[in-house]
Amino acid sequence: MTPPADRTAALPHIMSMQGYAPGEQPRDGVFIKLNTNENPYPPSPQALEAIRAAATDRLRLYPDPIATEVREAAATLHGVDPGWILVGNGSDDLLTILTRAFVGPGDRAFYPTPSYVLYRTLIELQGARPLEVAFREDWSLDPAAIAGAVPGASIGFLANPNSPSGTSLAPAVVADLARRLDCPLVVDEAYADFADADCVSLLNDCDNVIVLRTLSKGYGLAGLRLGYLIARPAIVEQLIKVKDSYNCDRLSIAAGAAALRDRPHIAATRARIIATRERLVAALRGFGYTVPDSQANFAWCTGGLPAVDVFAALRARGILVRMMRYPAIEPSLRITVGTDDEIDALLQALAEIHGRR
Ligand SMILES: *Cc1c(COP(=O)(O)O)cnc(C)c1O
């Protein structure tokens with residue numbers, strides 16, 4: 001008898017792909033955690049109160065499939081009709097919904113690189129081909145060159161502000177790119193809450209722009225899993241067919257809506273993080289690193305002492321940062337903006353590592 005072929009093999013394109021490796025999530029309290037761009041400050045007290053109020057026997061019941069309360073809060077915030085909003089279980093869920101809706105087997109989808117590594121994973125999951133277009137040395141993009149390099153692409157993903165660089169493209173440049181494409185352009189604004197500008201106003205004139213937001217970074221709710229996108233209602237209607245029926249739970253919906261409505265809270269958090277960010281970037285440059293001006297809640301370091309050594313030395317001192325490895329770029333460090341105390345501890349540790357005391 002011939003042995004059966006592997007009866008449990010997944011599809012060939014799944015078997016051969018790498019899979020996305022999320023940043024390390026250690027047990028609570030062990031490290032100063034500056035590795036996955038979480039907010040060091042607590043979420044809105046009104047969000048926590050909304051969770052307590054929603055934790056009742058009504059959890060027997062399925063949640064609102066389209067999270068109307070969050071939809072309305074986001075619509076009010078951005079000055080659009082609720083039909084322009086789709087709510088997701090984190091913006092990663094929305095990225096999955098978008099690739100499922102727009103990218104088929106054998107298709108091509110593009111993103112500038114280096115950027116958020118999940119885009120590649122999601123494209124590969126569809127049995128499609130990732131097209132990487134390089135940022136210029138100064139982290140700018142040439143819209144005409146990109147549009148020319150990705151003919152027939154099914155969708156494009158642009159993290160703006162970008163990770164790991166922290167840099168941002170002006171809305172006019174993003175609009176220029178969107179107009180030249182014959183596919184949707186997803187502008188992933190996970191870090192827009194820390195930036196000077198955003199691309200929401202492009203939705204007026206560019207019918208192929210889809211803007212993505214998350215409550216994980218600016219709102220300090222990474223543990224909740226909530227995000228939303230803003231797009232033409234005709235697009236949102238198609239995406240609703242693709243999403244899981246109940247992709248957001250009752251507690252997330254209640255807390256997310258409350259967090260979006262608490263404008264003073266996010267304004268205060270944003271101001272604190274930006275102030276600490278500017279101090280962090282200047283100090284890192286003082287240690288000899290090359291650090292682009294950041295529009296996000298992290299700083300990206302190249303040059304200086306080897307990242308592998310600095311990462312290990314920081315880890316030994318109880319400080320966790322993110323080692324970034326991209327093809328054609330030396331290993332680098334991405335450091336999240338923590339509280340002032342956390343950043344003081346980081347800078348103290350770096351001074352020791354650099355032999356400055
Ligand atoms: C953090 C991050 C996300 C994921 O956000 P979630 O809402 O937590 O899924 C998406 N895109 C980029 C660029 C991010 O950095």
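This is a predicted model: local features need pLDDT of at least 70, side-chain atom pairs count only at pLDDT 80 or more; totals for chains, interfaces and linings use all residues.
Figure 1. A polar contact here is a pair of N or O atoms within 3.5 Å. Look for T214: an N or O atom in the side chain of T214 is 2.5 Å from an oxygen atom of the ligand. The side chain of R225 also takes part, with an N or O atom 2.7 Å from a ligand oxygen.

**Figure 2. The ligand in its pocket.** Here you can see the ligand sitting in the largest pocket. Which residues surround the ligand? They are G90, S91, D92, Y116, D188, A190, Y191, T214, S216, K217 and R225. Sorted by class, this shell is made of four charged, four polar and three nonpolar residues.

**Figure 3. Two cysteines without a bond.** A disulfide is a covalent bond joining the sulfur atoms of two cysteines. How many disulfides does the model have? The count is zero. For C199, the closest cysteine sulfur is that of C206, and because the two are 9.1 Å apart, they are too far for a bond; the cut-off is 2.5 Å.

Figure 4. Are C199 and C206 buried or exposed? C199 counts as buried because its relative accessibility is 1%. C206 is buried too, at 3% relative accessibility.

Methods: Residues are numbered from 1 along each chain as its sequence is written. Side-chain values use heavy atoms; hydrogens and water are left out. Buried means under 20% relative accessible area, exposed over 50%, partly exposed in between (1.4 Å probe, protein chains only). A residue is near a molecule or strand if one of its heavy atoms lies within 4 Å of it. A polar contact is a pair of N or O atoms within 3.5 Å; within protein, one must be able to donate a hydrogen and the other to accept it, and residues adjacent in sequence count only if both atoms are side-chain atoms. On a 1 Å grid over the protein atoms alone, a cavity is a set of points where a 1.4 Å probe fits but cannot get out, and a pocket is an open set with protein on both sides within 12 Å along at least five of seven lines; lining residues have an atom within 4 Å of a point. A molecule sits in a cavity or pocket if more than half of its atoms lie within 2 Å of its grid points. Ala, Val, Leu, Ile, Met, Phe, Trp, Tyr, Cys and Pro count as nonpolar, Asp, Glu, Lys and Arg as charged, and the others, Gly among them, as polar.
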